[in-house]
Amino acid sequence: MNNTELAHGVYWVGAIDWDIRDFHGYSTYRGSTYNAFLIIDEKITLVDTVKKSHKQDLIREIEKYVKLEDIDYIVVNHVEMDHTGSLPDMIELIQPEKIICSPMGEKALENHFHKKDWPYHIVKSGEEVSLGKKTLQFIETRMLHWPDSMFSFLKEDGILFSSDAFGQHYATGERFDDEVDMAEVMHEATKYYANILYLFSPLIKKLIANLQELNLDIKIIAPDHGIIWRSHIDKIFQSYVDWSNADCEKKAIIVYDTMWHSTEKMAKEIWRGLDTAGVPAKLINLRYQHRSDVMADLLGAKAIILGSATLNNGILPRMGEFLTYMKGLKPTNKIGAAFGSFGWSGEAVKIMTDLMEEMKLEQPEPGVRFKYIPTDEQFEKCFEFGKRIGEAILNSDK
Ligand code: FEO
């Protein structure tokens, strides 16, 4: 098997984006891929396309196996532009007999490309399309993560084309999980879930139950980003079960920004308190860590402790940006706490406390704030604050 063949007559024909470092505000240090797949059967079928910028890569990959005009069907599992940017041009070149999509997919395609005369073939959950010897079965996955999203399952080969689910922003010349460093891939899969799918966790729980009920014989999971799972399916599947259940470890992250180092010094004392209580904790200065990396750290941590100095009666801008982002991703089952230094008005701790309340984080301790440069006694109070939060974490359910 060469490294683009998933099964006999089924090929990866996507594109590798080595350079992308920002995916609508999510940092992608390892680049990404836009995966598309070709099924060669009586009806030659292209599953998904790629971002517009990478159309030529898609065409080159397809032409290794067939001529564009030989393709009969295009399946659109998801309408977001990283998978459909090249679709109008590809439809023009291919002139497909069918564009297979979900009911919401048709609406989204029309709203994106304004083409009512494309040969849409709408499929609902459970419907199948025969390609000749092989059969595609469709599973709508509404709001995972767009209303139009769906999975396609190639029954005879046990390949689940899972769109964004189980994906990772990870550029590599290798295509399969057993060809790459699993620690790197799992880090990127974690970050992907934390930044793209986290808020949909209740729906993911239902989807997993649905997949288990369908009892599909899944041999390969082929997402639209990153590597294809064939040797570690249980690992990624179990991770999705854990993440969607909001399971976490009894550890904490301290996320802060500071003006003249007082909040930073408070953060270090709080860290010392957590460490003394026996809770692993990570100190994160928002000046140096991207919000999307913080979300990856938060996913598996029981507690988040937020620190900001007060600036202009508010919180520091990096903290404001982070909290806006975090709130949208709807973390659950977390303990929270707030701290910070101030000069005269001192609103930051209350603002962070109120925001965590809106996010329904459990806050076992009222926030702590100290004026200008804390005294040794006040730093000792930060240490005790950290210790008490540590004890609350140890006494919490996971
Ligand atoms: Fe990879 Fe939701 O697009």
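Mentor: Start with handedness. A crossing is left-handed if the near helix is turned anticlockwise from the far one by less than a right angle, and right-handed if clockwise. Helix 8 passes helix 12 in a right-handed crossing. The model is predicted, so local features need pLDDT of at least 70, side-chain atom pairs count only at pLDDT 80 or more, and totals for chains, interfaces and linings use all residues. Residues are numbered from 1 along each chain as its sequence is written, and side-chain values use heavy atoms, without hydrogens and water.

Trainee: What makes helix 8 oblique to helix 12?

Mentor: The axes of helix 8 (residues 262-277) and helix 12 (residues 376-395) cross at roughly 45° and come within 7 Å. Under 35 degrees is roughly parallel, over 145 roughly antiparallel, 65 to 115 roughly perpendicular, and the rest oblique. Therefore helix 8 is oblique to helix 12.

Trainee: Which residues make the contact?

Mentor: Contact means heavy atoms within 4.5 Å. Among them are Met266 and Ile270 of helix 8, and Phe383 and Ile389 of helix 12. By class, this contact has 11 nonpolar, five polar and six charged residues.

Trainee: What classes line the largest cavity?

Mentor: Ala, Val, Leu, Ile, Met, Phe, Trp, Tyr, Cys and Pro count as nonpolar, Asp, Glu, Lys and Arg as charged, and the others, Gly among them, as polar. The lining has eight nonpolar, no polar and no charged residues. Leu144, Phe166 and Tyr240 are among them. Helix 6 (residues 201-214) gives the largest share, three residues.

Definitions and conventions:
1 Å grid on protein atoms, 1.4 Å probe; cavity = no way out; pocket = protein on both sides within 12 Å on 5 of 7 lines; lining within 4 Å. Helix = DSSP H or I, 4+ residues; strand = E, 2+ residues; numbered from the N terminus. Axes fitted to C-alpha atoms, helices over the stretch in contact; angles between N-to-C directions.
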